[in-house]
Number of protein chains: 2
Amino acid sequence: MQDVAARAGVSTATVSRVINGSDYVSEATRLKVLRACAELDYSLNPIAQSLRLGRTKTIAAILSFLTLPSIVERLRGVQAAMAESDCDLLTLSVGTPEARDAILEKYSQRARTDGVLIISMPVNDNHVKRFLNSGVPLVLIDAQHPELNRVNVDDETGGKMAAEHLIGLGHRKIGFISSYLKNPFQFSSTLARYKGYCEALESADIPVLRRYQREGEHGREYARDMALDLLSQPDPPTAIFASSDTKAIGVLDAAKELKIRVPEELSVIGYDNIRDAEYMNLTTIHQPLFDSGLEAGRKLLNMVHAPSSSPVEIILPLKLLKRGTTAPPGG
Amino acid sequence: MQDVAARAGVSTATVSRVINGSDYVSEATRLKVLRACAELDYSLNPIAQSLRLGRTKTIAAILSFLTLPSIVERLRGVQAAMAESDCDLLTLSVGTPEARDAILEKYSQRARTDGVLIISMPVNDNHVKRFLNSGVPLVLIDAQHPELNRVNVDDETGGKMAAEHLIGLGHRKIGFISSYLKNPFQFSSTLARYKGYCEALESADIPVLRRYQREGEHGREYARDMALDLLSQPDPPTAIFASSDTKAIGVLDAAKELKIRVPEELSVIGYDNIRDAEYMNLTTIHQPLFDSGLEAGRKLLNMVHAPSSSPVEIILPLKLLKRGTTAPPGG
DNA sequence: TTGAAAGCGCTAACAC
DNA sequence: GTGTTAGCGCTTTCAA
């Protein structure tokens with residue numbers, strides 16, 4: 001910047017003014033400075049600027065695994081929001097609760113980022129306190145906390161919608177397959193979907209049977225194994241609600257293996273509407289994954305520029321997508 | 001830091017020394033400082049440190065779309081490499097050639113990142129010159145340039161392997177489906193695979209027929225449409241080599257629609273071995289996507305710490321994965 | 001073994 | 001309109 005100033009025959013202050021388009025600068029000097037910048041191929045040092053301004057122009061997205069299609073899809077929404085601004089996106093993938101704690105501690109520092117987005121990962125009061133103290137804006141996606149801004153869907157209603165769809169078709173033996181209801185990361189959304197499922201059954205006077213439920217690791221193969229187990233018992237369910245599309249696809253695998261026809265002999269409904277769900281012609285609860293990232297990103301950007309008032313929860317709408325894997329029982 | 005120094009009754013220089021674990025500091029003052037840090041919940045301002053040191057501890061990954069499973073998988077490898085270091089990962093997704101140029105210009109600045117990774121995106125001499133001038137370490141993944149470090153597979157050999165597999169099974173009418181051989185981003189890998197395909201055919205004295213080839217947008221549906229077109233002509237191919245698994249899955253869709261049995265009436269081979277390929281039981285050319293990110297990330301980290309010598313190309317091995325979608329023609 | 005002080009590159013108050 | 005200057009928070013000579 002010194003060099004540019006010298007070459008243009010002005011002070012660094014003036015160069016700064018020109019570059020930032022601020023203040024009253026005479027057209028003549030403006031051009032001189034611009035020319036000097038071009039000739040020296042100069043551009044601002046963003047680090048120095050950050051130090052001076054106390055703004056990093058960086059947003060951090062903290063998420064558990066880049067392997068989950070739903071998380072990637074949300075992240076894409078976040079990217080889109082960032083593309084609308086001048087902020088860069090730091091992607092932090094944490095595999096263990098310990099790593100999560102370390103990362104959350106690190107990124108609750110004011111100097112590190114302008115704001116943080118937490119995707120599909122529950123936070124505890126300690127984490128929240130750190131952020132509230134440091135004043136780093138934080139938005140949760142697919143997670144709950146009363147003191148924070150968050151964008152979610154109503155998973156309990158979603159679970160209910162799924163189960164009610166099956167009940168409406170005439171099913172009474174309705175299985176439920178999910179990841180662990182109590183896991184180290186405590187995905188609260190799974191639990192909420194389970195509650196909705198129970199509620200729907202109870203409302204229809206259908207007993208909620210443990211033997212129609214399985215929980216386990218996340219993933220298509222695990223879901224397949226659970227479904228195999230579930231369907232091999234005497235008097236098996238005639239319909240299965242899987243708490244994610246990935247799991248629902250695993251259920252379809254199991255049905256294929258057991259030569260059980262879908263939807264004639266078994267109805268399957270998923271949750272999320274990931275890209276593959278359409279191709280598999282899977283009935284599912286669509287949740288706006290991309291939009292959740294987009295909305296959260298925009299909200300966060302707002303907070304960065306204008307510190308927010310009281311925390312709000314943005315609830316995005318769910319939609320039942322009736323496709324080819326559900327039908328009345330017995331064909 | 002002032003506060004910590006005051007509280008510990010030392011100078012900021014000493015605090016700095018303690019935190020960085022450097023130099024000779026007496027155990028007594030070390031403990032005093034550490035205690036003061038803990039009491040004040042203090043930690044270094046990374047921005048100030050960056051300004052002083054000229055290192056940002058940030059690596060930028062520049063890629064085209066987060067929608068391609070292959071790119072996400074490579075990115076995961078990069079993440080893994082970063083997790084081994086103290087660097088953060090900036091993920092820059094660029095949708096258009098203009099955005100790419102802007103981003104590449106921006107991130108060839110020394111002050112912005114310690115290094116840059118470009119994933120599945122060709123670079124031209126102008127881009128390269130900028131990086132070479134600024135001295136920002138750069139590693140290419142799935143892209144070519146003689147003056148840069150890069151990690152690749154031998155796509156020409158890969159294309160050849162795929163075609164030879166089909167020829168070996170007895171096929172003579174072998175279709176080829178790909179994204180545009182000349183596209184705005186000029187994915188050179190597609191072209192290389194095509195060359196390998198041609199080579200294999202020529203070696204086997206099979207004429208390379210334009211009418212057995214289709215190119216178009218990337219994506220499962222586009223591939224399906226191309227396959228529909230390809231298979232609807234008189235004397236259609238008995239086997240199709242799709243330049244990516246996503247496209248191969250689109251070909252399977254088309255076959256299903258046309259009630260053409262795979263592999264009995266049509267053999268299909270893909271490329272990449274993305275996660276879905278296994279579930280679809282797709283014969284494919286496995287390329288180490290995750291590892292490409294990991295290796296490139298490590299290489300880049302090395303370069304950051306020790307400026308590299310002459311550029312090298314790391315070639316990762318390809319592997320034919322024979323699964324259920326290929327068989328001799330006519331059943 | 002520790003402290004004083006310069007300076008990384010920028011911006012914003014204040015002077016002119 | 002433009003220049004001077006202080007200072008963002010850190011590290012690192014150099015001196016003690």
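## The DNA contact

Of the atoms of DNA strand C within 4 Å of the protein, sugar or phosphate accounts for 65%, and bases make up the rest. This is a predicted model: local features need pLDDT of at least 70, side-chain atom pairs count only at pLDDT 80 or more, and totals for chains, interfaces and linings use all residues. Residues are numbered from 1 along each chain as its sequence is written, chains are lettered from A and ligands numbered from 1 in the order written, and side-chain values use heavy atoms, leaving out hydrogens and water.

For B:Thr14, the distance to a phosphate oxygen is 2.6 Å. B:Arg17 instead has a side-chain N or O atom 2.7 Å from a base nitrogen. The elements giving two or more residues to this surface are α2 (12-19) and α4 (46-53) of chain A, and α2 (12-19) and α4 (46-53) of chain B. The largest share, four residues, comes from α4(A).

## Nonpolar cores

A nonpolar core is a set of buried Ala, Val, Leu, Ile, Met, Phe, Trp, Tyr and Cys residues joined through side-chain atoms within 4.5 Å; buried means under 20% relative accessible area (1.4 Å probe, protein chains only). The largest has 85 residues. A:Ile59, A:Leu117, A:Tyr197, B:Ile59, B:Leu117 and B:Tyr197 have the most contacts inside it. A second, separate core of 38 residues includes A:Leu104, B:Tyr107, B:Ile118 and B:Phe131.

How values were computed
A residue is near a molecule or strand if one of its heavy atoms lies within 4 Å of it. A polar contact is a pair of N or O atoms within 3.5 Å; within protein, one must be able to donate a hydrogen and the other to accept it, and residues adjacent in sequence count only if both atoms are side-chain atoms. Buried means under 20% relative accessible area, exposed over 50%, partly exposed in between (1.4 Å probe, protein chains only).
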